[in-house]
Amino acid sequence: MDIFERIKNDEGGPLGQYRKKAHGYFMFPKLEGQIQPRMTFNGKEVLAWTFNNYLGLANHPEVRKADADAAAKWGLGYPMGARMMSGQTALHEQLERELAEFELKEDAYLFNFGYQGMVSTIDALVNRHDIIVYDSEAHACIMDGVRLHMGQRIVYPHNDIEKCEKALARATKLTQETGGGILLITEGVYGMTGDLGILDKIVELKKKYSFRILIDDAHGFGVMGENGRGTSEHYGVMDQIDLYFGAFAKAMASIGGFVAGDKHIINYLRYNLRSQIYAKSLPMPLVEGNLKRLDMIRTMPELREKLWTITRALQVGLRERGFDIGKAEACVTPVFLQGNVAEATNILIDLRENHKIFCSVVVYPVVPKGVIMFRIIPTSMHSLEDVEYTLNAFGKISENLAKGAYKSEEMQDKSTERTV
């Protein structure tokens, strides 16, 4: 069959099957206005809990000025070319030095995008003789990196330290045959559910097994730990994490990412990361802007303190009202309800149209059938009044759900796409 014909006849996959009814409202919605707690959706003001703008830097006056000044000074083109060929600058090197110092590592290397950076890091680190051990709920970028691996990989159930140890024991036996090593990949903060990777327990296994640890701390960098150095600082195991991966898209509200570790490993990655060797260098306004953001993370702990004040008020309030928020310990806050996809969309419509609250909803296949997960992301820009208003709204949603007010077998057609 012709490839395009197959695609045309397909329902669109797990998410694409809902496109005709969901586009522009449930999926690919447009939030308009300046990035702040209250924005415009479908012509109405809503309270937005959907941005990974943890520290409120996206629209911070000092950040906006730094970004604008850098864009005026350099334009968006400089430097032209990949880092290895013609895209290297002193400011790229400075940002790498400062990131390494912040993470108490010898060196660091920049990525244009966090997702491609993780995929490429995994690809560069392992060969076909090596074994990858990874958590079952790893982010898609980790999964894609693992899929590139030509050797064997072993997955263990999410945060199950006993199964993790069994996976390491099995991997150890396999390496005796292959002659390779073991790379264990986990996350610091799991971005959908807000629970933490069990880094403290994993590093303890280094006493029994020989392996290296790579952590994806996209949602922990700048947020977790006394100084915002991440989940490894939170657990007090920074010196036992071999490679630390951080993204700029969350706490920094920017673009890009980095990996930090021993100097000789980072130098190896510099010369072997295909996604960076064959891609244009991070534009200078982003480099200067990220230097400013890193400085603010270091010198303005009040932003992090405000974030945690809002986060704790939200999570404590939800738990006190009987909501299931799982094992959330980081800022990402899930709210788990029971229902089908149609009920989920009806609840979301009620939240957006009547309560003027905008948050994301997650349904099967991301979560099990019969589960609805609302994903709330607090920031330092939110207020305690925002929290209280949201808690009251979810209380009413829960009451309506118990009464069967959202019962439905067919999701509403809210698509703004009329030519399909």
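The legends below describe close-up views of a predicted model.

Residues are numbered from 1 along each chain as its sequence is written, and side-chain values use heavy atoms, with hydrogens and water left out. Because the model is predicted, local features need pLDDT of at least 70 and side-chain atom pairs count only at pLDDT 80 or more, whereas totals for chains, interfaces and linings use all residues.

**View 1. The largest nonpolar core and the surroundings of F258.** The largest nonpolar core holds 59 residues, a nonpolar core being a set of buried Ala, Val, Leu, Ile, Met, Phe, Trp, Tyr and Cys residues joined through side-chain atoms within 4.5 Å. L99, V133, L168, F211, F221 and F258 are the members that touch the most other members. Helix α13 (residues 284-299) gives the most to this core, with six residues; helices (H or I, at least four residues) and strands (E, at least two) are DSSP runs, numbered from the N terminus. Not counting residues up to four places away in sequence, F258 is in contact (heavy atoms within 4.5 Å) with residues including L99, F221, Y244, F245 and F248. A second, separate core of 36 residues includes F26, L318, I349 and F358.

**View 2. The salt bridge between R270 and D107.** The side chains of R270 and D107 meet in a salt bridge, with 2.8 Å from N to O; the term stands for a side-chain nitrogen of Lys or Arg within 4 Å of a carboxyl oxygen of Asp or Glu. R270 lies in helix α11 (residues 263-270) and D107 in strand β4 (residues 107-111), so the pair ties together parts that are 163 residues apart in sequence. R270 is buried at 17% relative accessibility, and D107 is buried at 8%, where buried means under 20% relative accessible area, exposed over 50%, and partly exposed in between (1.4 Å probe, protein chains only). Both residues belong to a network of salt bridges that links R83, E96, D107, K263 and R270.

View 3. The structure holds 20 salt bridges, and one of them joins K65 to D69, with the closest N and O atoms 2.7 Å apart. K65 is exposed, with a relative accessible area of 54%, while D69 is partly exposed at 41%. R321 pairs with E388, the closest N and O atoms being 3.4 Å apart. This pair links distant parts of the chain, 67 residues apart, with R321 in the loop between α14 (301-320) and β11 (333-338) and E388 in helix α16 (residues 384-402). R321 is partly exposed at 37%, and E388 is partly exposed at 39%.

**View 4. M224 in its loop.** M224 lies in the loop between β8 (212-216) and α10 (231-235) and is buried, with a relative accessible area of 2%. Leaving out residues up to four places away in sequence, M224 touches V189, L196, R229, G230, T231, E233, H234, W308 and A330. M224 and F323 are 99 residues apart in sequence and 24 Å apart in space, C-alpha to C-alpha.

**View 5. H355 in its loop.** H355 is found in the loop between α15 (341-354) and β12 (357-358), where H355 is buried, with a relative accessible area of 12%. Beyond its neighbours within four places in sequence, H355 is in contact with D350, Y389, A393, K396 and I397.
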